[in-house]
Amino acid sequence: MSVSANTVCVTGASGYIASWLVKFLLLRGYIVKASVRDPNDPKKTQHLLSLDGAKERLHLMKADLLEQGSFDALVDGCDGVFHTASPFFHAVTHPQSELIDPALRGTLNVLGSCAKTPSVRRVVLTSSIAAVAYNGQPRTPEVVVDETWWSDPEVCKQMQLWYVLSKTLAEDAAWKFVKERGIDMVAINPAMVIGPLLQPTLNTSSAVILNMINGAETYPNTTFGWVNVKDVANAHILAFENPLANGRYCLVESVAHYSEIVNLLRELYPNFQVPEKCADDKPFVPKYQVSKEKAKSIGVEFIPLKQSIKETVESLKEKNFFRAI
């Protein structure tokens with residue numbers, strides 16, 4: 001494919017965030033080269049092929065995170081590279097092979113392909129608030145987490161937070177690599193991502209909401225940042241298009257304890273059976289703040305949490321993940 005000022009590529013294109021990113025890029029007129037592990041699996045590709053503009057401007061390609069050089073053909077001729085591919089799940093048996101290797105080696109493989117490709121103007125890395133907020137410092141209501149924070153790998157190991165560790169190691173290695181090679185990179189660090197699903201399969205963060213409306217007896221004593229998937233996808237494009245964008249961008253619309261999520265579900269859907277009690281009788285894990293200033297500086301406008309929860313539930317209903325009461 002010839003070099004084009006509006007050709008970009010998206011890794012892991014069938015994923016939750018990436019699917020919305022592909023949709024928005026096509027709507028903006030970009031030619032999109034998109035990698036999937038299996039282009040012959042309709043569960044991975046059909047929702048992408050049916051997007052507006054896909055017939056004319058979407059090119060699906062096979063690539064494997066752990067295979068060096070696998071992304072050369074994908075990146076070739078691209079002006080921008082959006083690296084979103086990275087596994088996210090909690091039931092982990094072998095953290096190294098299941099989470100850390102694909103995140104860390106996969107990121108370096110993609111960046112290695114970028115280093116060989118002179119047309120690449122900017123890389124946008126999908127990182128996570130996981131790489132920001134887990135450093136052992138207390139997170140209390142007066143604390144403001146911002147882009148200067150970094151998660152501590154030793155803290156992650158002690159707490160057995162393997163996904164958090166995978167994202168921290170991958171982003172840290174990415175910054176070192178691009179600094180050495182003179183590659184322009186921006187990182188997007190979203191919190192728990194919810195909102196409507198484009199893909200037909202259930203992703204980890206949407207499953208959190210599904211669990212709350214699908215018979216869970218208790219809710220976790222946990223506090224998270226939350227953000228809408230459409231805002232995350234849009235932030236990737238804003239970070240690519242704005243020449244002044246740099247460094248990392250935390251994306252958190254609200255920090256909320258699970259009790260607040262349950263209360264919003266109860267308010268939105270009074271007929272649903274949502275959990276009445278917390279999983280333990282300890283004091284609620286405190287809330288904290290996450291700075292929105294940097295995200296707003298590139299034009300991110302956040303969808304309110306209540307609307308994001310409603311959009312998630314309606315999407316889960318529409319895709320028959322549960323039977324609405």
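Seven strands, in the order β3-β2-β1-β4-β5-β7-β11, form an open sheet with parallel pairing. The edges are held by β3 (58-62) and β11 (247-251); each has a single partner strand, so one side of each is left without a neighbour in the sheet. From one strand to the next, the twist averages 20°. The model described here is predicted.

- Strands of a sheet pair through backbone hydrogen bonds, in either a parallel or an antiparallel manner.
- Strand β7, which spans residues 185-190, pairs with β11 in the parallel sense over 5 bridges.
- Ile-188 stands opposite Tyr-249, a residue of β11.

- Helix α2, formed by residues 42-49, lies across β2 (31-36) and β3.
- The direction of helix α2 is at about 165° to that of β3.

**Overall fold and dimensions**
- The chain contains 12 helices and 14 strands.
- Its radius of gyration is 19 Å, close to the 20 Å given by the globule rule for 325 residues, and the chain is therefore as compact as a globular protein of that length.
- Taken along the principal axes, the C-alpha atoms of the chain fill a box of roughly 60 × 40 × 40 Å.

**Burial, contacts and surface**
- Of the chain's 325 residues, 55% count as buried.
- Among contacts in the chain with a separation of 6 or more, 79% are accounted for by residues 24 or more positions apart.
- The chain has an accessible surface of about 14,400 Å², and 51% of this surface belongs to carbon and sulfur atoms.

Notes: Residues are numbered from 1 along each chain as its sequence is written. This is a predicted model: local features need pLDDT of at least 70, side-chain atom pairs count only at pLDDT 80 or more; totals for chains, interfaces and linings use all residues. Side-chain values use heavy atoms; hydrogens and water are left out. Two strands pair if DSSP finds at least two bridges between them. Helices (H or I, at least four residues) and strands (E, at least two) are DSSP runs, numbered from the N terminus. Axes are lines fitted to C-alpha atoms, for helices over the stretch in contact, and angles run from 0 to 180 degrees between N-to-C directions. Contact means heavy atoms within 4.5 Å. The radius of gyration is taken over C-alpha atoms; the globule rule is 2.2 Å times the number of residues to the power 0.38. Buried means under 20% relative accessible area, exposed over 50%, partly exposed in between (1.4 Å probe, protein chains only). Accessible areas come from the Shrake-Rupley method with a 1.4 Å probe; for residues, only the protein chains shown count as cover.
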